[in-house]
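Please read the numbered points with the model open alongside.

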Amino acid sequence: MTDPILQFAARTSGPVSSAFTVAIAALGLLVGYIAFRGYRRNESLPMLFVATGFLLTFWTRGVLLAVYLVLDRAGSFAPGMRSTLGVALSLAADVSTVVGLLCLLYGLWMPRREN
């Protein structure tokens, strides 16, 4: 089993990996925005869950990468902060992904209202 700190650090280590994370976050934000527009147009509750799921699954990881890069600079001043920060952000990213996928599943599985 791999260490969560190493998993998150491996994702943030290279410029190519960071570029892919930014691209995934941008595409997730775009898909979430389009799904949210569909919700606003049709007032469909399942579409709201789909939009929320896409945002939580794809966009949050990009935001956490930005937080990691900003706070990593401050980690040089506190001895144990880097490892604690890596674990906390890795856990937050995984929880966000699971909650987002559950929202997607619920939104796709939810029965539609018939008016």
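**Note on the aromatic pairs, the fold and the surface**

1. The count of aromatic pairs comes to 3. Rings of Phe, Tyr and Trp (its six-membered ring) are paired if their centres lie within 6.5 Å; planes under 30 degrees apart are called stacked, those over 60 edge-to-face and the rest tilted. One of the pairs joins Phe49 and Tyr106, which are edge-to-face, at 4.8 Å centre to centre and with 75° between the planes. Since Phe49 belongs to helix H3 (residues 45-74) and Tyr106 to helix H4 (residues 81-109), the pair ties together parts that are 57 residues apart in sequence. Phe49 is partly exposed, at a relative accessible area of 26%, and Tyr106 is partly exposed as well, at 45%.

2. Phe54 and Phe58 form a stacked pair, with 6.0 Å centre to centre and 25° between the planes. Both residues lie in helix H3, 4 residues apart, or about one turn of the helix. Phe54 has a relative accessible area of 23% and Phe58 one of 33%; each therefore counts as partly exposed, the class between buried (under 20%) and exposed (over 50%), with a 1.4 Å probe and protein chains only.

3. This is a predicted model, in which local features need pLDDT of at least 70 and side-chain atom pairs count only at pLDDT 80 or more, while totals for chains, interfaces and linings use all residues. Residues are numbered from 1 along each chain as its sequence is written, and side-chain values use heavy atoms, with hydrogens and water left out.

4. The chain has 4 helices and 0 strands, in the order α-α-α-α from the N terminus. These elements are DSSP runs numbered from the N terminus (helices: H or I, at least four residues; strands: E, at least two). Of the 115 residues, 30% count as buried. Among contacts (heavy atoms within 4.5 Å) with a separation of 6 or more, 67% are between residues 24 or more positions apart.

5. The chain exposes about 7,900 Å², of which carbon and sulfur atoms supply 71%; accessible areas come from the Shrake-Rupley method with a 1.4 Å probe.

6. Which residues make the nonpolar surface patch of about 530 Å²? Leu29, Trp59, Val63, Val67, Val70, Leu71 and Met81 make this patch. Its largest share, 5 residues, comes from H3. Val67 is found in helix H3 and is partly exposed, with a relative accessible area of 33%. Patch residues have over 30% relative accessible area and no salt bridge, and nonpolar side chains (Val, Leu, Ile, Met, Phe, Trp, Tyr) are joined within 5 Å. A salt bridge is a side-chain nitrogen of Lys or Arg within 4 Å of a carboxyl oxygen of Asp or Glu.

Notes: Patches are made of residues with over 30% relative accessible area and no salt bridge: like charges are joined within 9 Å, nonpolar side chains (Val, Leu, Ile, Met, Phe, Trp, Tyr) within 5 Å.
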